[in-house]
Amino acid sequence: MNKRTALYENHINANAKMVDFSGWDMPIHYGSQLMEHRVVREDCGVFDVSHMTVVDIRGQDSQIFLQKLLCNDVAKLTELGRALYSGMLNHEGGVIDDLIVYKMEEGYRMVVNCATREKDLEWIRDIADSFSVVVLERPEMSILAIHGPNSIDKVCAILAEEDAAKVKSLVNFKGVLCGDWFIARTGYTGEKGLELIFPETFAPMFWEKLMAAGIKPVGLGARDTLRLEAGMNLYGQDMDESISPLSANMEFAVAWEPTSRDFIGRSALTELKQKQADGNLPIMVGLVLEDRGVLRAGLKVITDKGEGVITSGSFSPTLNQSIALARVPQGCTQCHVELRGKLLPVLLGKPGFVRFGKKVFQS
Amino acid sequence: MSKIDQYKFTRSHEWVRVNEDNTATIGISDFAQSALGDIVFAELPEVGSEVKANESVAIVESVKAASDIYSPLDGEVLEINSVLGDAPETLNESPYEDGWLFKIAINDVAQLEELLNFETYQNLYK
């Protein structure tokens, strides 16, 4: 039988259509994915993402361990609660997973993907063997993402007064502990919002409070179109172990400095960097289709510099046209996509289409 | 409102409603729209074109996937549902009425015999 989050009954009661997601029964939508998408862009919605994996890293070597394990540098986390996006690379520079790491009092907290849980934990524990650290998975934690322009106000209205004050003072990419609840200004939608990690025993009751406060449930379907509009990667689709951060729009999450930090994958990545400088490394771009139709993952992209491929594609409810992430030859300026036998022109730009409810894509 | 027993169905989830003037209106079933999820585009055949039974003649794209629509009958396309251009969600909201796809002049009424009634169709997907 599939695994279920602590909110399974609440999803059923909210008329969720449940689907299998990597061995979990998860809500894909609660009636209409498009409506849920718009609720997050215009008001506020809640996602149950408790299927994701929380891993705490504790012990005296926590920092130097993560400086080895991750391509971004946790030394940038200079205050408690600060968050950092990073890749975890293999020795060839391919992405084992992408994750968020927070600085906590006892060390660090990472949130990694659900579909990669087992291989991640195996890799993390393997590397951890040579360090004085404890790797502690936290399966008893629920994770809710509450996003949208009104999210912080609506959540703060139902938190205890002193917790609400703490949450209100958070800047983006910062979190705070409220007892055993960790609440952070992070997310995967391109909107303002919070992620809450807390003991799952509280989850059903808290969910009902959110519903009573007018916060709408949002399924994994809208989560995918929201993150695509925001130009954020989905692991396994936009990158995997055969793709380096340089070809997945993740170079912003590679800390090259200090050069003395020998993170896993560094030497392979350095070679790829040279290839990139020579103009021979594919890059990730954003595509917009002006014609009718929907771009889909796997479709071939034909450019003036050779072929590429769409890694994620869907309909953008905000732009009311189809958008995609694609990996294409460096330096290309003209792109077409073959859709049902027709060669359609697509606009080419940086990955990222919508931020804070507004179009940001530029071709 | 038409009654559901006036509709005939294909195994590929299209429906046919025969009108009084020997034309047929074609759409997709409630089961189909629900399985597809939010529909964002419908690419319909050209008015005046000839369609053949079991031939792919239209495409319905939802947020999730693109689906071919097969003509249940041979005939000439007389009209397409222009509402779907600006409001493709009509397919989700009213699959049996306002969300119809196209109308044809029926060539061969015998082909209707091969289609399923609602009860048989529904039992296939229980």
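In chain A, six strands close into a barrel in the order β14-β17-β16-β15-β18-β19, with antiparallel pairing. From one strand to the next, the twist averages 40°. The model is a predicted one. Eleven residues of chain A are in contact with eight residues of chain B.

- Strand β15(A), residues 300–303, runs antiparallel to β18(A), and three bridges join the two.
- Within this pair, Ile302(A) of strand β15(A) stands opposite His336(A) in β18(A).
- Helix α8(A) packs on the sheet, where it touches β16 (306–316) and β17 (321–328) of chain A.
- The direction of α8(A) makes about 125° with that of β16(A).
- As a general point, the strands of a sheet pair through backbone hydrogen bonds, in either a parallel or an antiparallel sense.

- Helix α2(A) is largely enclosed by the rest of the structure, because seven of its ten residues are buried.
- The buried residues are Gln33(A), Leu34(A), Glu36(A), His37(A), Val39(A), Val40(A) and Arg41(A).

**The crossing of α2 and α8**

- The axes of α2(A) and α8(A) come within 8 Å and cross at roughly 55°.
- The two helices, α2(A) and α8(A), are therefore oblique to each other.
- The crossing in which α2(A) passes α8(A) is right-handed.
- On the α2(A) side, the residues that meet α8(A) are Gln33(A), Glu36(A), His37(A) and Val40(A).
- On the α8(A) side, their counterparts are Gly221(A), Ala222(A), Thr225(A) and Leu226(A).
- By class, the residues of the contact of α2(A) with α8(A) are three nonpolar, four polar and one charged.
- In general, an α-helix has 3.6 residues a turn, so residues three or four places apart point the same way.

**The contact between chains A and B**

- The contact involves eleven residues of chain A and eight residues of chain B.
- On the side of chain A that touches chain B, at least two residues each come from α2 (33–42), α8 and β16 of chain A.
- That side of chain A consists of three nonpolar, seven polar and one charged residues.

**Paired strands of chain B**

- Strand β5(B), residues 50–51, pairs with strand β8(B), residues 75–80, in the antiparallel sense over two bridges.
- Val51(B) stands opposite Gly75(B) in β8(B).
- Strand β8(B) is also joined by five bridges to strand β9(B), residues 102–106, and these two strands run antiparallel.
- Gly75(B) stands opposite Ile106(B) in β9(B).

**Backbone features in loops**

- A cis peptide bond, with omega of about -10°, joins Glu257(A) and Pro258(A).
- Pro258(A) lies in the loop between α8 (220–229) and α9 (266–277) of chain A.
- Arg340(A) is not a glycine, yet it has a positive phi of about 50°.
- The loop that holds Arg340(A) runs between β18 (335–339) and β19 (342–349) of chain A.
- Arg340(A) is exposed, because 11 other C-beta atoms lie within 10 Å and a residue with 12 or fewer counts as exposed.
- In chain B, His13(B) likewise has a positive phi, of about 80°, although it is not a glycine.
- His13(B) is found in the loop between β1 (7–9) and β2 (14–18) of chain B.
- His13(B) counts as buried, because it has 22 C-beta neighbours inside 10 Å and the threshold is 20 or more.

**Cys44 of chain A**

- Cys44(A) is located in the loop between α2 and β3 of chain A.
- With 25 other C-beta atoms within 10 Å, Cys44(A) is buried.
- Leaving aside its neighbours within four places in sequence, Cys44(A) is in contact with Ile146(A), Gly148(A), Asn150(A), Ser151(A), Lys154(A) and Ile215(A).
- Cys44(A) and Arg109(A) are 65 residues apart in sequence, and their C-alpha atoms are 26 Å apart in space.

Notes:
Residues numbered from 1 in each chain as written. Chains lettered and ligands numbered in written order. Predicted model: local features only at pLDDT ≥ 70, side-chain atom pairs only at ≥ 80, totals over all residues. Helix = DSSP H or I, 4+ residues; strand = E, 2+ residues; numbered from the N terminus. Pairing = 2+ DSSP bridges. Axes fitted to C-alpha atoms, helices over the stretch in contact; angles between N-to-C directions. Contact = placed C-beta atoms within 7 Å. Nonpolar A, V, L, I, M, F, W, Y, C, P; charged D, E, K, R; others polar. Parallel < 35°, antiparallel > 145°, perpendicular 65-115°, else oblique. Left-handed = near helix turned anticlockwise from the far one by under 90°.
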